[in-house]
Structure formats: C-alpha cells, structure tokens
Amino acid sequence: MQDLKYVKIDRQVCQWLREAREIVLSELNSQLTVETKSGRKDLVTNVDKQVEQFLTNKIKTQYPESHILGEEGFGDKVDENTDGIIWIVDPIDGTMNFVKQRNNFAIMIGVYKDQEPILGYIMNVVTGELLHGGPLTGIKLNQAEISNIENQGLSEGLIGLSGPLLVHNEYNMQTIGDSALGMRIYGSAGLEIMAVIKGELVGYISYLRPWDFGAGKILAECCGLSFTMVDGQPLNMLSSGVVLIATKRAHSDILTIVSQ
Ligand code: 2AM
Ligand code: CA
Ligand code: CA
Ligand code: CA
C-alpha cells in the first residue's frame with residue numbers, strides 16, 4: 001500500500017535532486033577548489049559544499065522540524081539522539097572520482113523517522129539515473145519499477161570491494177574476491193550499492209560512514225538485500241565500520257569466508 005503523504009515528499013525530493021544535479025553539471029568543466037580533510041586521499045570541493053548547502057536549505061525550509069546529518073557539516077549536530085526525522089546527506093559520494101574523472105559519483109539522501117527507514121535516494125549525477133523511494137512508496141529507478149533481484153551466490157556474480165580492504169586482505173577479502181566471478185572497485189559507495197540493486201553486482205563490501213550507507217540501506221533492504229556489518233551484526237543509522245550489502249545467498253557465502 002502506497003502512503004500518499006510519502007509519495008508527495010518523494011516527488012519533491014526527486015525534484016530537489018534534479019536541481020542539485022543541474023548545479024553539479026554546470027560546474028563539471030569548471031576549475032574546482034579542492035581541499036584535503038584527514039589526508040591526501042580525503043578530498044572536499046567547493047561543489048560538495050555547494051550541493052550540501054543547497055539540499056540543507058531546501059530541507060530546512062520545507063521541513064523545519066527535521067534534523068540533518070551532512071558529511072560536510074552544513075547540517076546539525078546529530079549525536080546519540082536519533083529520535084524524530086533525520087535526513088542524512090552525502091552531497092557528492094565519490095569525490096575522488098568527481099575530481100579525477102568528472103564522472104562516476106552520486107548524490108545521496110536517506111530519511112529516517114524515529115530510527116525507521118522512510119525514504120532513500122541515490123542519484124548518478126552524470127547519467128541522471130535516480131534510485132528513489134522507501135517502504136511506504138516502493139522503489140523506482142527513475143520512473144521504472146525495480147525488477148526482482150536474482151538471489152545469486154557469490155560464485156555466480158561480481159563483487160564490489162573497497163581498494164584498501166582488498167590490498168590489506170582484511171576479513172579474508174582476497175578469498176572473497178577470488179570466489180566471485182570477478183571483482184570491481186568503483187570508488188562510490190552509492191553507485192556500488194545501486195549496482196547491487198540493479199543486479200550488476202552480487203554484493204559490495206567497504207568501510208562506510210552514516211552518509212555513505214544512509215540512503216542505500218533503505219533502498220537495498222526494500223529490495224530484499226541483506227545489509228549488515230561484515231561479521232553479520234546489524235548496523236544502526238549512526239554506525240561506522242566495514243559494511244556488507246549482498247543478495248541473501250552471497251551474504252551467507254561471504255560470512256562463511258569472513259569467519260574462516
Ligand atoms: P566520499 O567520496 O563521499 O568521501 C570510495 O571508495 C568510497 O568510500 C566513496 O563512497 C567515499 O565517499 C567513501 N569514503 C572515502 N573515504 C572514506 C573514509 N575515510 N571513510 C569512509 N568512507 C570513505
Ligand atoms: Ca568524503
Ligand atoms: Ca560518501
Ligand atoms: Ca561525500
């Protein structure tokens with residue numbers, strides 16, 4: 001059953017994301033201001049900041065009672081208290097790709113109410129693909145219903161991995177990769193989660209923070225995928241750590257290898 005209130009909110013957030021996409025596309029060939037955060041591989045640009053400001057302004061104007069957790073700090077301070085409505089915003093997911101490739105990055109929003117999943121958004125900025133919706137609206141890729149995701153095992157598909165986990169062989173990552181038909185490293189958690197939902201990957205494993213998975217968790221769980229920490233433990237919306245998103249069969253295959 002669709003809840004019309006959320007269908008309306010969904011329509012509005014999709015419109016904001018299309019506007020945010022236009023902002024980014026208009027800057028795609030401009031010189032960027034790039035700063036480092038924790039180290040030389042951790043970047044933020046003027047466009048990351050501009051998109052986060054744009055989205056937080058829209059959310060605050062339309063839904064003033066909301067709290068916003070934004071990666072670049074334009075939202076609110078959200079600590080242990082996750083009651084009420086929380087919007088989790090990642091203005092550019094895959095900033096390194098944005099800077100070096102001007103391609104292969106996403107804008108993401110996740111909306112939770114009293115810790116329950118409400119709506120999730122992953123927008124592939126360059127292609128315009130927008131995965132959106134939640135348990136009360138259904139999930140769509142632009143206007144199209146998502147088709148059933150085949151419950152393939154690890155050996156039947158491609159696995160998305162983060163580079164550092166693979167290089168350091170954490171959690172037996174090299175055996176996990178070798179057990180699949182192949183490994184892929186896209187460099188955007190949002191696009192990798194979208195690829196699992198589209199059936200292009202059987203799973204994805206990476207160290208993630210709340211803005212990296214806030215949207216994807218809502219979308220993936222609605223599509224029947226498993227979304228846990230890499231040891232199978234549940235995660236909450238403020239968790240940080242190594243996260244495993246996969247079909248039910250690939251999830252079980254991976255947990256077996258992790259525990260070996
Ligand atoms: P970002 O571009 O929004 O920072 C790159 O492999 C993926 O991991 C991207 O989705 C990136 O998001 C995220 N990422 C990069 N550095 C990270 C870090 N130190 N901790 C958690 N996620 C990170
Ligand atoms: Ca970042
Ligand atoms: Ca991110
Ligand atoms: Ca980001």
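Biologist: Into which domains is the chain divided?
Modeller: This is a predicted model, and its chain is divided into domain 1, residues 4-145, and domain 2, residues 154-258.

Biologist: And how far apart do the C-alpha centres of domain 1 and domain 2 lie?
Modeller: Those two centres are 21 Å apart. As for contacts, 29 residues of domain 1 are in contact with 24 residues of domain 2.

Biologist: Which elements give two or more residues to the side of domain 1 that touches domain 2?
Modeller: They are strand β4, helix α3 (95-101), and the strands β5 (106-113), β6 (116-124) and β7 (130-134). The largest share of that side, 6 residues, is supplied by β6.

Biologist: What is that side of domain 1 like by class?
Modeller: On the side of domain 1 that touches domain 2 there are 17 nonpolar residues, together with 9 polar and 3 charged ones.

Biologist: OK, switching to ligand 1, which residues come nearest to it?
Modeller: There are 14 residues around ligand 1, and the ones that come nearest are Asp 93, Thr 95, Gly 187, Ala 189 and Arg 209. Two elements give two or more residues to this shell, namely β4 (85-93) and β12 (203-208), and the largest share, 3 residues, comes from β12.

Biologist: Which domains does the shell around ligand 1 draw at least three residues from?
Modeller: Domain 1 (4-145) and domain 2 (154-258) each contribute at least three residues to the shell.

Biologist: Let's talk about sheets; in what order do the 7 strands of the open sheet run?
Modeller: That sheet has the order β3-β4-β5-β6-β7-β8-β9, with mixed pairing. Its edge strands, β3 (67-70) and β9 (144-145), each pair on one side only.

Biologist: How many bridges join β7 to β8?
Modeller: There are 4 bridges between β7 and strand β8, residues 138-141, and the two strands run antiparallel. As one example of the pairing, Leu 131 has Leu 141 in β8 as its bridge partner.

Biologist: Which strands does helix α1 lie across, and what about α2?
Modeller: Helix α1, residues 4-26, lies across β5, β6 and β7 and runs at about 30 degrees to β6. Helix α2, residues 46-62, lies across β3, β4 and β5, and its direction is at about 155 degrees to β4.

Biologist: And what order does the open sheet of 5 strands have?
Modeller: The order there is β11-β10-β12-β14-β13, and the pairing is mixed. Strands β11 (182-184) and β13 (226-229) each have a single partner strand, so one side of each is left without a neighbour in the sheet. Direction ignored, neighbouring strands of this sheet are turned by 20 degrees against each other on average.

Biologist: Do β10 and β11 pair in the parallel or the antiparallel sense?
Modeller: Strand β10, residues 158-161, pairs with β11 in the parallel sense over 3 bridges, and Gly 160 stands opposite Arg 184 in β11.

Key
Residues numbered from 1 in each chain as written. Chains lettered and ligands numbered in written order. Predicted model: local features only at pLDDT ≥ 70, side-chain atom pairs only at ≥ 80, totals over all residues. Near = placed C-beta within 6 Å. Domains from an automatic or database assignment. Contact = placed C-beta atoms within 7 Å. Nonpolar A, V, L, I, M, F, W, Y, C, P; charged D, E, K, R; others polar. Pairing = 2+ DSSP bridges. Axes fitted to C-alpha atoms, helices over the stretch in contact; angles between N-to-C directions.
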